[in-house]
Amino acid sequence: MTETITESTVADNLRRIRADIETAAGEAGRDPRSITLVAVSKVQPIERVRAALAAGHRVFGENRVQEAKAKWPALKADYPGIELHLIGPLQTNKVKEAVALFDVIQTIDRMKLARMVSDEMHRAGRRLPCYLQVNTGEEPQKAGVSPRDVDAFLAACKAECDLTLVGLMCIPPVDQDPVPHFTLLADLARRNRVPVVSMGMSDDYPAAVRLGATHVRVGSALFGERKPG
Ligand SMILES: *Cc1c(COP(=O)(O)O)cnc(C)c1O
């Protein structure tokens with residue numbers, strides 16, 4: 001399958017996705033301005049990313065530190081006000097680079113990592129908002145803490161490493177209806193008074209918005225299909 005994604009396609013997609021978010025927010029009686037579209041630019045050709053920047057978009061997500069490091073310092077120099085989210089797994093040996101490059105870390109998933117990120121933020125004098133990744137489907141191969149450990153993890157994190165996690169994020173199992181997962185994540189956030197809820201991707205962001213997402217992470221619906229490999 002071939003497809004031609006031009007600058008205007010990206011701008012059109014951006015408008016359409018923003019309109020969808022607005023509609024879904026309206027259906028749930030929510031203020032659309034309380035929802036942030038995180039444009040997931042991993043693996044996408046740089047022209048598509050620049051097209052989104054040219055259309056005024058400033059919030060992006062990447063899932064690999066190395067890839068982001070190769071791409072974003074130059075773009076950040078060209079476009080002021082960029083907010084870059086790490087949405088993929090973070091290895092402890094990449095913590096220093098991640099804290100220097102990203103503006104939000106969505107994928108805290110174990111205490112050792114929380115401690116290292118907290119220590120590095122102190123050392124670097126950079127306080128980034130961090131979210132806890134929750135493995136709502138309890139999939140063994142997937143990162144994130146189990147839903148039943150969320151309350152204790154948030155409390156321990158605040159007490160033991162001076163890191164207040166301001167958000168929860170999840171990636172529901174690919175083969176399941178995401179609605180129960182979105183509902184669970186929103187409930188966990190409400191119960192713990194965590195203000196940020198990151199959920200919803202290209203196939204399901206309107207449902208996520210209706211169920212309380214404050215951040216949706218949309219890649220292929222905005223930029224086109226990613227090249228495999
Ligand atoms: C790739 C990715 C997305 C975007 O996926 P699409 O289906 O292309 O919208 C969202 N969240 C995470 C964590 C991802 O890795």
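Ala, Val, Leu, Ile, Met, Phe, Trp, Tyr, Cys and Pro count here as nonpolar, Asp, Glu, Lys and Arg as charged, and the others, Gly among them, as polar. By these classes, the lining of the largest pocket holds twelve nonpolar, eight polar and six charged residues. The model is a predicted one, and its ligand sits in that largest pocket.

**The largest pocket**
- The space in the largest pocket comes to about 610 Å³.
- The lining of the largest pocket consists of 26 residues, and those closest to the pocket centre are Ile171, Pro172, Val174, Met201 and Arg217.

**The shell around the ligand**

**Contacts with the ligand**
- Lys42 places a polar side-chain atom 2.6 Å from an oxygen atom of the ligand.
- Ser202 also has a polar side-chain atom by a ligand oxygen atom, at 2.5 Å.
- Gly219 contributes a backbone N or O atom, which lies 2.8 Å from an oxygen atom of the ligand.
- The ligand taken alone exposes 390 Å², and the protein buries 90% of that area.

**The second largest pocket**
- The second largest pocket has a volume of about 190 Å³.
- Its lining is made of Asn63, Arg64, Val65 and Gln66, along with Pro89, Leu90, Gln91 and Lys94.
- In this lining, three residues are nonpolar, three are polar and two are charged.

Key
Residues are numbered from 1 along each chain as its sequence is written. This is a predicted model: local features need pLDDT of at least 70, side-chain atom pairs count only at pLDDT 80 or more; totals for chains, interfaces and linings use all residues. Side-chain values use heavy atoms; hydrogens and water are left out. A polar contact is a pair of N or O atoms within 3.5 Å; within protein, one must be able to donate a hydrogen and the other to accept it, and residues adjacent in sequence count only if both atoms are side-chain atoms. Accessible areas come from the Shrake-Rupley method with a 1.4 Å probe; for residues, only the protein chains shown count as cover. On a 1 Å grid over the protein atoms alone, a cavity is a set of points where a 1.4 Å probe fits but cannot get out, and a pocket is an open set with protein on both sides within 12 Å along at least five of seven lines; lining residues have an atom within 4 Å of a point. A molecule sits in a cavity or pocket if more than half of its atoms lie within 2 Å of its grid points. Grid points are joined across faces, edges and corners, and a volume is the space filled by probe spheres set on the points.
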